[in-house]
Amino acid sequence: MAVSVSSPSSKITRRQFAKVALAGAAGLALYSGEMERHFLEVSRNDVHLPGLHAAFDGMRIAQLSDIHLDLFTESFFLQYAVERINQLNPDAVFLTGDFVSGIKGMHRLPKLERFVQSAAWQCAGILNKLQCRLRYAVLGNHDVHVGAPGVIEALTNSGITVLRNEYTPIERGGGRFWLAGLDDVLESDPQPDIAIPETIRNIATEPVVLMCHEPDFVDALLKHPTGQAVALMLSGHTHGGQIRMPFVGPLALPALGRKYVEGWFRLKNLQLHVNRGLGTVGVPFRFDCPPEISLLTLRTAPLAG
């Protein structure tokens with residue numbers, strides 16, 4: 001008669017598997033929460049702009065986005081990012097929104113509102129250590145949740161010009177291009193006609209560079225005369241997906257950040273660059289998606305046609 005005998009080794013194997021799985025999960029959390037989240041990568045790209053004046057050939061712009069100070073981004077990490085940017089010695093720094101983290105209805109939570117507003121001043125104070133003279137910013141949706149006037153005041157107090165449906169000339173050696181900035185698309189009132197008025201559109205030797213926090217807005221913009229005048233658009237918002245799993249991709253993406261997730265896109269005559277950002281939201285993790293400083297070197301290019 002056959003006798004059934006349980007195998008203790010099979011139970012041990014299952015226990016070992018469980019231990020290995022738990023250890024793997026803990027290791028992954030440690031890696032994504034403490035290691036990759038602080039692996040600051042500098043991406044370098046030449047950006048060819050048709051009609052750009054020769055005086056700007058070689059101009060270097062550092063882009064930083066989505067700092068989210070004091071949610072999961074520590075002040076020491078932002079200080080490190082500022083030091084890295086200073087080492088790169090850019091001619092300008094463009095900051096594409098979400099300096100802090102907020103939630104809708106934050107005004108109903110006065111203690112939290114005061115805490116986050118103080119984080120905006122702390123963030124601006126650290127950014128004030130940027131050594132280049134040209135420093136420009138737009139707001140992100142989180143900045144609007146916290147309170148746009150307070151964030152703007154903090155940044156302006158630290159010598160950072162905030163463009164909120166505004167534009168300004170960048171001049172050098174007798175040449176000029178236009179830098180425009182839109183108000184946040186998701187939570188505020190973007191007005192492309194004001195940010196890029198007819199007076200600066202389609203001047204052959206004066207290209208327009210646009211800062212807009214949410215990258216997917218580019219599709220609507222390209223259907224508008226203002227968008228057709230933009231040579232380069234710089235965005236953030238997506239965090240590059242923040243957590244990107246093999247064969248799956250990003251686990252979650254925000255509204256207006258689901259199509260153009262990170263890197264470079266050419267759309268008709270417009271080039272779009274989406275920076276992966278410095279900080280995180282939701283969870284303090286990054287996986288297969290390290291934080292990023294973008295170093296963009298402008299290059300002249302012949303006019304089309």
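1. Angles under 35 degrees between N-to-C directions count as roughly parallel. That cut-off is needed for the helix pair discussed next. The model under review is predicted.

2. Helix H2, residues 75-88, packs with helix H3, residues 110-127, at an angle of about 25°. The two axes lie 9 Å apart. H2 and H3 are therefore roughly parallel to each other. The crossing in which H2 passes H3 is right-handed.

3. Which residues make this contact? From H2 they are Ser-75, Leu-78, Gln-79 and Val-82, and from H3 they are Gln-122, Cys-123, Ile-126 and Leu-127. By type, the residues of the contact of H2 with H3 divide into 5 nonpolar and 3 polar, with no charged residue.

4. Next, the sheet. Its 6 strands form an open sheet in the order S1-S14-S2-S3-S4-S5, and the pairing is mixed. Strand S1 (41-50) and strand S5 (161-162) are the edge strands, each of which pairs on one side only.

5. Tyr-136 stands opposite Thr-161, a residue in S5.

6. How do the helix and the sheet relate, and which strands does H2 touch? H2 packs on the sheet, where it touches S1, strand S2 (60-64), strand S3 (92-96) and strand S14 (292-301). The direction of H2 makes about 25° with that of S14.

Definitions and conventions
Residues numbered from 1 in each chain as written. Predicted model: local features only at pLDDT ≥ 70, side-chain atom pairs only at ≥ 80, totals over all residues. Heavy atoms only, no water. Axes fitted to C-alpha atoms, helices over the stretch in contact; angles between N-to-C directions. Helix = DSSP H or I, 4+ residues; strand = E, 2+ residues; numbered from the N terminus. Parallel < 35°, antiparallel > 145°, perpendicular 65-115°, else oblique. Left-handed = near helix turned anticlockwise from the far one by under 90°. Contact = heavy atoms within 4.5 Å. Nonpolar A, V, L, I, M, F, W, Y, C, P; charged D, E, K, R; others polar. Pairing = 2+ DSSP bridges.
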